[in-house]
Amino acid sequence: MLRQQRFTQLGGLQLDKDVRTVIAWFTARCGREVRDTFGRLSQFALLLNLDRPADVLDFWGVKVNGMVWQLTADELRKVLALRDDFKPEEIQRLALTT
């Protein structure tokens with residue numbers, strides 16, 4: 001469903017906030033850490049919250065908040081393409097090595 005939406009920077013910020021709220025709710029009720037369960041969704045929200053596409057290079061291939069990066073380079077580009085203000089050329093130019 002999220003992959004069919006378009007996002008502004010403010011929309012990305014709101015999604016990130018909502019995802020954190022959902023994770024906190026499940027963590028409180030399950031009594032254990034559920035962050036890994038929501039890893040892909042968290043990374044999706046992180047990408048939509050970036051200031052510019054090149055900022056992803058600060059995160060790509062490293063652990064994010066203790067999580068291993070779960071999205072592929074292709075999925076990452078598709079998520080970044082959902083931002084209204086990110087140019088397709090900038091996204092394709094990203095040097096994402098695995």
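A residue counts as buried when its relative accessible area is under 20%. Keep that cut-off handy for these exercises on a predicted model.

**Exercise 1. Work out which residues of H3 are buried, and what that says about the helix.**

Step 1: Find helix H3, which covers residues 73-80.
Step 2: Apply the cut-off. Ala-73, Glu-75, Leu-76, Arg-77, Val-79 and Leu-80 come out as buried.
Step 3: Draw the conclusion. Six of the eight residues of H3 are buried, so the helix is largely enclosed by the rest of the structure.

**Exercise 2. Describe how H2 and H3 pack: what are the angle and the distance between their axes?**

Step 1: Recall how it's done. A pair of packed helices is described by the angle between their axes and by how far apart the axes are.
Step 2: Read off the values. For H2 and H3 the angle is about 50°, and the axes lie 9 Å apart.
Step 3: Classify the angle. Under 35 degrees would be roughly parallel, and 65 to 115 roughly perpendicular. The H2 and H3 pair is therefore oblique.
Step 4: The crossing of H2 past H3 is right-handed.

**Exercise 3. Decide whether Arg-83 is buried or exposed, and name its contacts.**

Step 1: Locate Arg-83. You'll find it in the loop between H3 and H4.
Step 2: Check its accessibility. Arg-83 has 0% relative accessibility, so it counts as buried.
Step 3: Look at who touches it. Leaving out residues up to four places away in sequence, Arg-83 contacts Arg-6, Phe-7, Thr-8, Gln-9, Leu-48, Asn-49, Leu-50 and Asp-51.

**Exercise 4. Zoom out: how many helices and strands does the protein chain have, and what share of its residues is buried?**

Step 1: Count the elements. The protein chain has four helices and zero strands, giving the pattern α-α-α-α along the sequence.
Step 2: Look at burial. Of its 98 residues, 38% count as buried.
Step 3: The chain exposes about 6,300 Å², with 54% of that supplied by carbon and sulfur atoms.
Step 4: Check the contacts. Among those with a separation of 6 or more, 66% link residues 24 or more positions apart.

Conventions. Residues are numbered from 1 along each chain as its sequence is written. This is a predicted model: local features need pLDDT of at least 70, side-chain atom pairs count only at pLDDT 80 or more; totals for chains, interfaces and linings use all residues. Side-chain values use heavy atoms; hydrogens and water are left out. Buried means under 20% relative accessible area, exposed over 50%, partly exposed in between (1.4 Å probe, protein chains only). Helices (H or I, at least four residues) and strands (E, at least two) are DSSP runs, numbered from the N terminus. Axes are lines fitted to C-alpha atoms, for helices over the stretch in contact, and angles run from 0 to 180 degrees between N-to-C directions. Angles under 35 degrees count as roughly parallel, over 145 as roughly antiparallel, 65 to 115 as roughly perpendicular and the rest as oblique. A crossing is left-handed if the near helix is turned anticlockwise from the far one by less than a right angle, and right-handed if clockwise. Contact means heavy atoms within 4.5 Å. Accessible areas come from the Shrake-Rupley method with a 1.4 Å probe; for residues, only the protein chains shown count as cover.
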